[in-house]
Amino acid sequence: MTKVAIFIDIQNVYYTVREAYGKNFDYNKFWAQATANRDVVNAFCYAIDKGDKKQREFQNILRTIGFNVKLKPLIQRSDGSAKGDWDVGIALDAMEHADQADVIVLVSGDGDFDLLVKKIRTHYHKKVEVYGVPQFTAATLMNEASEFIAIDKTLLLT
């Protein structure tokens with residue numbers, strides 16, 4: 001059976017899906033599609049921990065589906081701005097787990113991942129499927145993917 005490892009950039013998915021469709025991403029439908037006839041070796045969701053109850057409930061739903069949820073605190077800067085992203089963590093984990101899987105699934109439209117996707121394809125010789133909202137996914141990322149899968153109405157909560 002084909003082995004798959006999944007890496008989801010929660011912030012990117014949340015904001016791009018909301019902007020494009022005004023709805024939420026359906027993690028259950030995604031799981032069913034991405035794991036069909038595959039053995040899941042790892043499945044990670046990366047999120048920013050703001051510490052609120054609704055967010056904890058969402059994270060527990062993700063765990064129930066089968067995801068490992070990785071959290072990082074939101075960093076408040078002295079100028080009042082805030083920062084919270086997982087780009088480096090996602091890249092390190094994807095490279096660390098690439099040897100264990102036949103297919104790497106990345107859910108993000110962030111063009112910063114184009115180098116990661118290329119490296120996994122060329123160095124590790126793995127298929128890389130990228131899921132993203134088409135109008136908010138970097139062309140460079142789509143071009144580097146073995147396969148780009150559009151997040152469309154079939155992967156949204158109704």
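## A buried loop residue

Let's start with Ala98, which sits in the loop between α4 and β6; helices here are DSSP runs of H or I with at least four residues, strands are runs of E with at least two, and both are numbered from the N terminus. Ala98 is buried, with a relative accessible area of 0% (buried means under 20% relative accessible area, exposed over 50%, partly exposed in between, using a 1.4 Å probe and protein chains only). The C-alpha atoms of Ala98 and Ala5 lie 7.6 Å apart in space, although 93 residues separate the two in sequence. Setting aside neighbours within four places in sequence, Ala98 is in contact with Ile104, Tyr124 and Lys126, where contact means heavy atoms within 4.5 Å.

A word on the model: it is predicted, so local features need pLDDT of at least 70 and side-chain atom pairs count only at pLDDT 80 or more, while totals for chains, interfaces and linings use all residues. Residues are numbered from 1 along each chain as its sequence is written, and side-chain values use heavy atoms, with hydrogens and water left out.

## The sheet

Which order do the strands take? The 6 strands form an open sheet in the order β3-β2-β1-β6-β7-β8, with parallel pairing; two strands pair if DSSP finds at least two bridges between them. At the edges are β3 (68–73) and β8 (147–150), each pairing on one side only. From one strand to the next, the twist averages 20 degrees.

Strand β1 (residues 2–9) pairs with strand β2 (residues 38–49) in the parallel sense over 8 bridges.

Helix α2 (residues 27–35) lies across β1, β2, β6 (103–107), β7 (127–132) and β8, at about 150 degrees to β1. Helix α4 (residues 87–97) lies across β1, β2, β3 and β6, and runs at about 175 degrees to β1. For these angles, axes are lines fitted to C-alpha atoms, for helices over the stretch in contact, and values run from 0 to 180 degrees between N-to-C directions.

How do α4 and α5 pack? Their axes are 10 Å apart, at an angle of about 5 degrees. That makes α4 roughly parallel to α5 (angles under 35 degrees count as roughly parallel, over 145 as roughly antiparallel, 65 to 115 as roughly perpendicular and the rest as oblique). Ala91, Ala94 and Met95 of α4 make the contact with Leu116, Lys119 and Ile120 of α5.

## Two nonpolar cores

The largest nonpolar core holds 27 residues, of which Ile6, Ile8, Phe30 and Phe67 touch the most other members. Such a core is a set of buried Ala, Val, Leu, Ile, Met, Phe, Trp, Tyr and Cys residues joined through side-chain atoms within 4.5 Å. At least two residues come from each of β1, α1 (10–21), α2, β2, α3 (53–65) and β6, and α2 gives the most, with 4 residues.

Not counting residues up to four places away in sequence, Phe30 touches Ile6, Ile8, Phe25, Phe67, Val105, Val107, Tyr131 and Leu155. A second, separate core of 22 residues includes Phe44, Trp86, Ala94 and Leu106.

## Two positive phi angles

Asn37, in the loop between α2 and β2, has a positive phi of about 60 degrees although it is not a glycine. Asn37 is exposed, at 69% relative accessible area.

His125 is in the loop between α5 (114–122) and β7. Its phi is also positive, about 55 degrees, and His125 is not a glycine. With 65% relative accessibility, His125 counts as exposed.
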